[in-house]
Every structure is written in C-alpha cells, then in structure tokens.
Amino acid sequence: MFRNRYETVFIITPVLSDEQTKEVVKKFKDLLKDTGANITHEENWGMRKLAYPIQKKSTGFYYLVEFDAEPSVILPFETEFRRDERIIRFLTTKMDKNHIEFAESRRDREADRREKPKQSTAEAQA
Amino acid sequence: MADNKNVRYLNPIAIDTKSERYCRFREKGFKYIDYKDADFLLMLVNEQGKILPRRLTGTSLKYQRRVGKAIKKARHLALLPYLADQLR
C-alpha cells in the first residue's frame with residue numbers, strides 16, 4: 001500500500017515518574033508497530049521548559065518519533081493521543097522530500113558528532 | 001500657489017534604511033526550515049514574539065511562507081511563545 005513518512009512530536013505531562021513516562025512512550029510506539037508502521041528514528045529531548053504554561057504546567061517531557069506508515073494509521077493514532085490525558089500536546093507532520101533530506105543530514109551530523117568525541121579522547125590518551 | 005520646484009519635504013524620505021535586500025535563505029540555499037530548531041527561529045521573530053515582516057528581513061515570498069508555517073508549528077509545540085515581553 002502507499003506509505004508516507006511522518007514525524008510526531010508529543011509532550012508528556014511532567015507530573016509522572018520516570019517509569020510512567022517510559023511506559024507512555026512505549027505504549028505509543030507499540031501502537032505504531034501494531035498498525036504496521038516502522039519507526040525509523042526516535043529522539044528523546046527529555047524535560048524541557050515550555051515557552052508558555054500548558055494546563056498550568058511550565059515544563060514538559062518532549063519525545064520525537066519518525067516513522068513511515070500508511071495514511072490510514074494516522075487517524076486512530078491521533079485519537080489515541082487525544083484520549084490519553086497524560087499527553088498534553090502532540091503534532092504530527094507529513095515529511096516532504098526536503099524534510100526527509102534534512103532529517104537524514106541532521107542524523108549523519110549527529111552520528112559523526114558522536115564519533116568525533118571518541119576519536120578526540122582516543123588521541124588524548126594516545 | 002508655491003510652484004512645485006522648491007517643494008521641500010517635511011522629513012527626508014527614508015530611501016534605503018535597511019540595507020538587507022537579499023533573501024538569506026535563497027543565498028545560502030536553504031532547502032527546509034525546521035520547526036524544531038527554536039533558537040534559529042528566534043532570529044526571525046521580534047521581541048514580542050511576532051514574526052518579522054519581509055520588508056525588514058528581506059526574505060523572498062517562498063521562504064517567508066515556510067518560515068511562517070515553521071514558527072506557527074513551533075508555537076503550537078511551546079518551543080516559541082505566542083507573545084512575550086522581552087525575548088532577546
């Protein structure tokens with residue numbers, strides 16, 4: 001079937017403990033996997049300060065998931081977001097070709113940024 | 001009737017106050033403006049958090065639309081404030 005690339009960023013309420021936030025993230029990733037989407041990239045931005053208070057809270061746990069799936073997967077995925085009250089905000093965007101290119105180039109930059117410190121520490125020891 | 005030869009303007013016309021007349025995005029060959037990159041978008045927003053108009057930033061219409069969309073998505077995700085008193 002025709003598949004699109006999507007990118008979802010969602011914010012989890014900061015009130016939860018670590019396991020609960022992990023469990024929420026796991027719940028949505030499994031929901032994606034069950035409906036036949038495959039996740040290409042994930043980013044955990046952790047606890048960040050919000051620019052304006054949402055539901056009286058001024059910090060939130062950001063999580064980004066990049067996946068490709070059939071368009072029919074998105075609607076139930078979003079209703080699940082709306083139904084779950086631990087999620088205070090979410091945004092799903094369809095990735096066009098420039099966006100995909102950008103995301104890949106960002107990932108390579110991050111990848112070689114991770115390798116670089118290893119080399120520099122290796123040189124330091126050498 | 002003052003003949004219009006020596007019509008003097010009350011204040012001098014601002015011919016070219018802002019020298020930035022080229023589109024930064026087209027110059028650098030930007031392909032995509034990322035809505036997640038808050039500190040880059042901060043440069044395109046004034047102190048109150050409003051989007052800077054094209055006449056000040058000099059960006060072309062094509063990229064100004066993308067900037068607008070990206071900033072509105074960033075605001076939705078609370079990466080950028082809708083209104084702020086002093087942002088810098």
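I began with A:Glu70, which I found in the loop between E3 and H2 of chain A; helices (H or I, at least four residues) and strands (E, at least two) are DSSP runs, numbered from the N terminus. The model is a predicted one, in which local features need pLDDT of at least 70 and side-chain atom pairs count only at pLDDT 80 or more, while totals for chains, interfaces and linings use all residues. Residues are numbered from 1 along each chain as its sequence is written, chains are lettered from A and ligands numbered from 1 in the order in which they are written, and side-chain values use heavy atoms, with hydrogens and water left out.

Is A:Glu70 buried or exposed? I noted a relative accessible area of 16%, so A:Glu70 is buried, given that buried means under 20%, exposed over 50% and partly exposed in between (1.4 Å probe, protein chains only). Leaving aside neighbours within four places in sequence, A:Glu70 is in contact with A:Met1, A:Phe2, A:Arg3 and A:Thr35, where contact means heavy atoms within 4.5 Å.

Next I looked at helix H2 (residues 74-83) of chain A, where A:Ile74, A:Phe77, A:Glu78, A:Glu80 and A:Phe81 are buried. Seen down the axis of H2(A), these buried residues fall within an arc of 155°, so they line one face of the helix; the arc is that of the directions from the helix axis to the C-beta atoms. On the face turned away from the buried side of H2(A) I found the exposed residues A:Leu75, A:Arg82 and A:Arg83. The buried residues pack against strand E1 (4-12), helix H1 (18-34), strand E3 (57-69) and strand E4 (87-94) of chain A.

Last, I looked up where the chains meet, and found 15 residues of chain B in contact with 20 residues of chain A. B:Tyr32, B:Lys36 and B:Leu77 supply 37% of the area that chain B buries against chain A, more than any other three residues; buried area is the accessible area (1.4 Å probe) that two parts lose on being put together, summed over both. I noted one salt bridge between chain B and chain A, in which the side chains of A:Glu7 and B:Lys36 meet (3.0 Å, N to O); a salt bridge is a side-chain nitrogen of Lys or Arg within 4 Å of a carboxyl oxygen of Asp or Glu.
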